[in-house]
Amino acid sequence: MEVVLLEDVKALGKKGQIVKVNDGYARNFILPKKLGIEATSKNLNDLKLQKANADKIAAEQLQAAKDLAADLAEKSITLSIKAGEGGKAFGSVSSKEITKAIQDQLGMEIDKKKLVLPEPLKTFGTHEVPIKLHRDVTGKLAVKVVES
C-alpha cells in the first residue's frame, strides 16, 4: 500500500513523502495514528493544493518581512539614559527598553526576542541593532542613545 506521510516517521520517511508500506503496518499504525493517509488521487491532489497554499503564504510572509526591514532601515529611535562622572553612561539600554521605544515612537509591535542584542547598549551614540524579522530576513534599526 502506498501512503503519503503527514508527519516525519522514523526509519520510514519525511513529511509529504510517498512511501510503500505493508498493508497491515498502514492499517494498524500509520493510518490510526494519523501519521499518513492512503495515496489516492484525491488525497494527492488535496496535498498538492495545500502545499501550493502554504508556499503562497510563506512567500507573502517573506515579502512582508522584507518590506518591514526596508521600512526600519529608514527609521531610528532615540533613548536617553543618565550620565555618570566623566560623561560615562550610568546604566544601559536593554532589548525590552528598545521594543518599548519602537512601540512608542514608531507605533510598531516587535517582539523583544527578535532583537539580536548580545549585550545591552552601554555607550552613548548611534548603534545599529539587528532585528530578526524572518529566518531569511534581518532588518537593522538605528538606536540613538543620548544623555538625559
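Student: In what order do the 3 strands of the open sheet run?
Tutor: We're looking at a predicted model, where local features need pLDDT of at least 70, side-chain atom pairs count only at pLDDT 80 or more, and totals for chains, interfaces and linings use all residues. Strands here are DSSP runs of E, at least two residues, numbered from the N terminus, and two of them pair if DSSP finds at least two bridges between them. The pairing is antiparallel, and the order is S2-S1-S3.

Student: Which strands sit at the edges?
Tutor: Look for strands that pair on one side only. From one strand to the next, the twist averages 35°. The edge strands are S2 (18-20) and S3 (36-38).

Student: What stands opposite Val-4 in S2?
Tutor: Residues are numbered from 1 along each chain as its sequence is written, so to speak. Strand S1 (residues 2-5) runs antiparallel to S2, with 3 bridges joining them. Opposite Val-4 you'll find Ile-18.

Student: At about what angle does helix H2 run to S3?
Tutor: Helices are DSSP runs of H or I, at least four residues. Helix H2 (residues 41-74) lies across S1, S2 and S3. Angles run from 0 to 180 degrees between N-to-C directions, with axes as lines fitted to C-alpha atoms, for helices over the stretch in contact, meaning heavy atoms within 4.5 Å. For H2 and S3, that's about 135°.

Student: How far apart are the C-alpha centres of domain 1 and domain 2?
Tutor: The bounds come from an automatic or database domain assignment. That gives domain 1 (1-60) and domain 2 (66-145). Their C-alpha centres lie apart by 44 Å.

Technical notes:
Side-chain values use heavy atoms; hydrogens and water are left out.
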